[in-house]
Amino acid sequence: MKITIETGDFRQTETDAILIPILEDDMHNELLLIADAALEGRIQAFLNLGDFKGKPKTSSVLYTNGAIKAPRIILIGLGNYAEITAEKVRQVAGYTARQTRDMGLKSITVPLPPETQDDWAQAAVEAALLSLYEFKEHKTQSDDKDEDNKSLGALTFLVGSEVEKSLIEPIVERGRTIANGTMLARDLSNQPGNHLTPTQLAEKAQEVAEATGLNCTVFDKATLEEKGFRTLLAVAQGSAEEPRFIILEYTPEGEGHDTVALVGKGITFDTGGISLKSGKGMDEMKHDMSGAAAVLGAMQVIGHLKPNVRVIGVIATTENMPGSTAIKPGDVVTSYSGKTIEIMNTDAEGRLILADALAWTAQYQPNGVIDLATLTGAVIACLGHIAAGAMGTDDTLMEKVKNAAEKTHERVWELPLWEDYDEGVKSKVADVQNIGDGTAGTIAGAVFLKKFAEGYPWVHLDIAGTAWGVKGSTYIPETASGYGVRLLVQMIEDW
Ligand code: BES
Ligand code: ZN
Ligand code: ZN
């Protein structure tokens with residue numbers, strides 16, 4: 001969908017529908033009064049019936065019968081003014097975009113009230129674009145031709161003056177850029193395992209880097225062997241596909257900038273390995289690279305927005321397969337950091353590959369490191385699909401993550417990482433083991449990672465619940481959500 005900003009009078013605008021946002025507690029805004037006058041009191045007469053009360057996620061279509069240029073006016077409920085939040089705006093924008101698309105409209109126009117806040121406008125742009133997202137790459141035949149023809153092609157914001165237009169333009173642009181990064185993450189995550197191998201993920205990263213002016217380095221298997229990424233290689237050794245290690249770098253102009261690293265788990269398919277998963281729902285493990293997808297999506301946005309922070313994107317990627325050469329429960333490997341790990345369960349592979357990635361990242365002397373990983377089923381039992389589990393070693397960094405989560409509604413909830421939990425990852429034969437003691441599974445994952453995230457402030461986000469399976473949102477589908485892109489970008493911008 002194309003989003004443009006124009007100046008002008010909505011009564012003269014050629015479009016399939018004029019959308020008028022209506023507050024529940026103050027229905028008579030200026031736009032409504034103008035529209036009502038043009039329609040000779042028909043809107044007021046309609047409102048008097050009480051059919052439409054301005055509640056969020058409700059709308060009413062009125063036909064203008066030639067009274068203005070557009071054939072329809074659609075009243076869009078916003079709820080009470082005091083209760084409007086950026087998230088409410090997102091939900092309303094997503095609802096409206098989907099609703100007007102399903103009606104078969106091709107173009108809609110929204111006159112922006114002058115009191116529209118910047119963050120609300122950005123939220124509306126993001127959600128309108130994200131709500132129309134579909135993943136249809138592998139469909140050669142349509143399920144429903146009528147539905148296919150329905151595509152909302154144009155959203156126009158109408159403003160009062162050229163000055164207003166020049167103020168809103170960069171906000172729309174940033175909303176679009178962030179939505180695109182989120183949709184890139186969704187596309188990658190939705191891609192089946194046979195269409196997105198570690199090699200293909202690395203190629204994609206190189207494409208993104210080239211298009212956005214980021215630096216990109218990819219380590220192939222031979223390089224990983226040479227450099228000693230032994231835990232990443234250990235997970236990869238049961239698969240016919242080669243692993244990859246991807247580093248993306250964004251460096252702002254000038255000197256003295258802080259460095260932030262974003263680290264993503266990129267298991268392109270997780271069978272569990274020799275500790276094989278059960279068949280039910282295993283297809284969902286194509287999404288087990290959603291952390292990597294979020295990092296790549298965020299790096300694309302960062303490449304465009306050019307914030308004043310140096311940002312390093314780090315992705316460790318491999319399949320987790322049960323081939324005859326696969327690692328076995330009880331195997332001991334020496335990680336990149338030199339610490340030895342007893343692999344008690346080959347299905348706890350995410351923390352293994354992240355161990356090497358986190359240890360590698362220390363060389364950048366980062367001022368903060370955030371890792372994102374679909375690490376544990378336990379986080380779904382704990383927080384559902386509503387919030388990611390957040391655990392870390394630095395309160396200031398955790399605060400930054402929480403602030404960004406609040407603003408973007410990509411929610412996090414902190415779980416403790418007290419030393420008392422360290423006992424759980426002790427091994428009889430190696431420095432650590434990879435499954436904990438069977439309690440507090442999400443924290444056990446983080447405790448393990450903590451052993452390798454040394455020398456910098458660090459926060460781990462367990463996104464196994466939020467990366468897909470989200471229900472009830474107007475702008476997030478139940479498949480891949482793209483969780484993390486908006487949060488990471490917000491955090492970097494506010495750094
Ligand atoms: N990728 C899974 C975690 C997962 C499970 C994500 C369900 C989304 C939905 C991860 O690699 C895994 O299998 N973790 C194990 C760890 C256990 C063996 C300690 C888990 O959660 O069961
Ligand atoms: Zn696993
Ligand atoms: Zn996994």
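Student: How far is an oxygen atom of ligand 1 from an N or O atom in the side chain of Glu349?
Tutor: This is a predicted model, in which local features need pLDDT of at least 70, side-chain atom pairs count only at pLDDT 80 or more, and totals for chains, interfaces and linings use all residues. Residues are numbered from 1 along each chain as its sequence is written, chains are lettered from A and ligands numbered from 1 in the order in which they are written, and side-chain values use heavy atoms, without hydrogens and water. A polar contact is a pair of N or O atoms within 3.5 Å; within protein, one must be able to donate a hydrogen and the other to accept it, and residues adjacent in sequence count only if both atoms are side-chain atoms. For Glu349 and ligand 1 the distance is 2.9 Å.

Student: How much of the area that ligand 1 exposes when taken alone does the protein bury?
Tutor: Accessible areas come from the Shrake-Rupley method with a 1.4 Å probe; for residues, only the protein chains shown count as cover. Alone, ligand 1 exposes 510 Å². The share buried by the protein is 78%.

Student: How far is a polar side-chain atom of Lys265 from an oxygen atom of ligand 1?
Tutor: Asp270 also has a polar side-chain atom by an oxygen atom of this ligand, at 2.9 Å. For Lys265 the value is 3.2 Å.

Student: Is Thr13 buried or exposed?
Tutor: Thr13 sits in the loop between strand E1 (2-7) and strand E2 (17-23), and its side chain reaches the backbone oxygen of Asp9 at 3.1 Å. Contact means heavy atoms within 4.5 Å; beyond its neighbours within four places in sequence, Thr13 has contacts including Ile18, Lys69 and Leu158. Buried means under 20% relative accessible area, exposed over 50%, partly exposed in between (1.4 Å probe, protein chains only). Because its relative accessible area is 11%, Thr13 counts as buried.

Student: What is the relative accessible area of His409?
Tutor: His409 lies in the loop between helix H13 (395-408) and strand E15 (412-414). Its phi is near 60°, a positive value in a residue other than glycine. His409 is partly exposed, at 30%.

Definitions and conventions
Helix = DSSP H or I, 4+ residues; strand = E, 2+ residues; numbered from the N terminus.
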